[in-house]
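This report describes how two chains are arranged, moving from one chain as a whole to its packing and contacts.

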Amino acid sequence: MSTIELRQVEKKFGDLHAVKPLDLTIQDGEFIVLLGPSGCGKTTTLRMISGLETVSGGTIWLNGRNVTWLHPSARDIAFVFQFYALYPHLTARQNIAFPLQAQGEARETIEKRVDEVVKLLRIEHVLKAHPGQLSGGDQQRVALARALVRRPAAFLMDEPLGALDADFRESMRSEIKRLHVLQHATTVYVTHDQIEAMAMGDRIVVMSAAEIQQIGSPSEVYNDPSNLFVARFIGSPGMNLVKGKYADGIVKMSGLDNNYAVPQAWKGALKKGLADGGEVIVGFRPEAAQINDRGNLVGKVYASEMQGSSAVLHLTINENEIIHIRTDRLIPFPLDTLVHFDINPQMARFFNPKTEAALKPEVTQ
Amino acid sequence: MTTFEEVGPRLPVVEPTRVDKVHPRAKWGKSIRVILTLIVTFIMLIPVVVMVLTAFKSRADIVTPPPKVFFHPTLEGFLYLFTDRSVFSPANLAEAQANPGDLNYWQKLALSTGQKINGPSDYVGRLKNSVIIAGTSTILSVILGLFAAYAFSRFKIAGKDDLLFFILSTRMLPGVVVTIPLFLLYRLLGWNDTHVGMIILYTVFNLSFSVWLLKGFIDEIPIEYEEAALVDGYTRLQAFFRIVLPQAVNGIAATTVFCLIFAWNEYAFALMLTSETARTAPPSIATMLGSGGLEWSAIAAGSLGFLIPVAIVTFALREYLLRGVTFGAVRK
């Protein structure tokens, strides 16, 4: 259907930089998720694409057309709001037909298109009701129908599942995902829920402090976070980040007698990428560590918790630092037992504590 | 042990969802509330009842102590109110009574009290002036107030707070204080005793009120509705008419009634600034006291006629008023 391109787009509210200049190109039919904590500028970015917010600088291109200063109604985009924003004085059916009336469609066309989208979303039974009489899930379905009925160039969704109950949220998540596959419409989706982002996005744009931290596929963002923020923000629990000092192929961590032998592929990168003191942060996902009696790293059991399909073991490796290891089942270690473990060398990552950026491994021939 | 079916739920159900399961105590509470409401309503309505009764009493019945509740109703009051009459001299009266000729009901009624109808009184014209002036100024203040309130509610306006305070400050002096400067100003402009002058005056006075009141109601409408309409392909003006207006209807109704009541009841300005062409009903009812003795039935009839238009408007808007005058405190 269409592409969206942001070039050096920024937004200032007085002295406050809500969105620092950012570049983003969204491909035709792509499902892009803007992910970040509240106040990071993700919703402002979305609203600038829709035209509900003006830009302070930069240009927005929709399908190769500069729409930066176009009125929202002239951009041919649909917006799904967190609190649905269904018109309370109209019935569900009138709500869905409302955007088509703006386009001055013939009555029969409107009826036909509404019926199509109603069928797609299976909401035939709610059409006569007013929004106030509907459940949150049905309200959001009607809101989606109102967006879909126009066949817009792009869909913008601002935390559409944020106001729903947990069980509804998961079913709506798969519903939106399915709709996207069926319609193949360019979609920009804002959320603060990293699980939602991982589940739905073709690509994830991680934002924090008014800036893009990383753009990548869910697996890229998860496995190769570009900096400490992304490493912490993605995953539950987040990536383990342990401070240490690097010298001669070994990272020496404080506290217990932990000396981590750096995988061969990383040695060059660490040598080049670190400051003189060799201070480094070792990162690994909870599932990258395996408990192993002869493992060369050690921690004291702090707590262990069952998470259903897996369990998480919390180990202290010095006074301040706790790491998390995912295990298949709950292992009933007594507290303060010493547990040995290894890190899968493929899944270890290294960060420069000064710049907070991830180090890049040398390409091995 | 008694069961639920026998005594109903343990806590009184105040808003029953199933009528057969209301706790007896809740029923009692409801009856008591209804009875109290009726008593209060009755007390409040006594002056109105007295006024209605007086309007239909004859001159003799009005002054009889104690006041009669049952009496022979007559339209004398309305005769006095709507007509200009002269008294027959005794000789003429005898002749007129002996040879009544082709008289209509009102003329017969006048004759029975020894009077002759010369023509309609000023009251009809003054009531018409009241309707024109109060009605037009109410419509103007609500429409202008609505647009101003929308702008204050939705747009960034330089000095918004100062402007709002300025608008409010126009209501800080009691109106009577400015009547003399206004009188001089109006004489200078030639607006004395004109409909337009009074409409402008009442609109100015009501505008501050309607801007503040309506701003509160519009503030309560989430801006997302308009934003949804904007991305759905509507201009801001279309969104205003199709989305904001239907949802502000309670506030508009409340504001309309408040503005109408002010303009309709206004006395001091009308007394000072109008005399013949644009004189409204309130000062004219008051002058009845002075001119032809105490025509109590005419005064009561005049007040009744004066009450009816406001009562009709209020009744017509009652659906919206309940939520409007509580300023959104009562929700659906």
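A residue is called buried if 20 or more other C-beta atoms lie within 10 Å of its own, exposed if 12 or fewer do, and partly exposed in between, with C-beta atoms placed from the backbone. By that criterion, 40% of the 365 residues of chain A count as buried. This is a predicted model, in which local features need pLDDT of at least 70 and side-chain atom pairs count only at pLDDT 80 or more, while totals for chains, interfaces and linings use all residues. Residues are numbered from 1 along each chain as its sequence is written, and chains are lettered from A and ligands numbered from 1 in the order in which they are written.

**Chain A overall**

Helices (H or I, at least four residues) and strands (E, at least two) are DSSP runs numbered from the N terminus, and chain A has nine helices and 20 strands. The C-alpha trace of chain A spans about 75 × 45 × 40 Å along its principal axes. Two residues are in contact if their C-beta atoms, placed from the backbone, lie within 7 Å; among the contacts in chain A with a separation of 6 or more, 66% join residues 24 or more positions apart.

**Nonpolar cores**

A nonpolar core is a set of buried Ala, Val, Leu, Ile, Met, Phe, Trp, Tyr and Cys residues joined through C-beta atoms within 7 Å. The largest such core holds 140 residues, of which A:Leu156 and A:Val188 touch the most other members, and helix 10 (residues 195-219) of chain B gives the most to this core, with 11 residues. Leaving aside residues up to four places away in sequence, A:Val188 touches A:Ile4, A:Ile26, A:Ile32, A:Leu34, A:Leu46, A:Ile49, A:Ala154 and A:Leu156. A second, separate core of 16 residues includes B:Phe78, B:Leu79, B:Tyr80 and B:Ala298.

A:Ile60, in strand 4 (residues 57-62) of chain A, counts as buried because it has 22 C-beta neighbours inside 10 Å. Again not counting residues up to four places away in sequence, A:Ile60 touches A:Leu6, A:Val9, A:Met48, A:Ile49, A:Val55, A:Val67 and A:Thr68.

**Helix packing**

Two packed helices are described by the angle between their axes and the distance between the axes. Here axes are lines fitted to C-alpha atoms, for helices over the stretch in contact, and angles run from 0 to 180 degrees between N-to-C directions. Angles under 35 degrees count as roughly parallel, over 145 as roughly antiparallel, 65 to 115 as roughly perpendicular and the rest as oblique.

| Helix pair | Angle | Axis distance |
|---|---|---|
| Helix 2 and helix 3 (residues 107-121) of chain A | roughly 125° | within 10 Å |
| Helix 13 (residues 249-265) and helix 16 (residues 296-316) of chain B | about 175° | 11 Å |

Helix 13 of chain B is therefore roughly antiparallel to helix 16 of chain B. Their contact is made by B:Val257, B:Leu260, B:Ile261 and B:Trp264 of helix 13 of chain B with B:Val310, B:Val313 and B:Thr314 of helix 16 of chain B.

Helix 2 of chain A and helix 3 of chain A are, by their angle, oblique to each other. In helix 2 of chain A, A:Arg93, A:Ile96, A:Ala97, A:Leu100 and A:Gln101 meet A:Ile110, A:Arg113, A:Val114, A:Val117 and A:Val118 in helix 3 of chain A.

**Contact between the chains**

Chain A brings 18 residues and chain B 14 residues to the contact. On the side of chain A that touches chain B, strand 6 (77-80) and helix 2 (92-102) of chain A each supply at least two residues.
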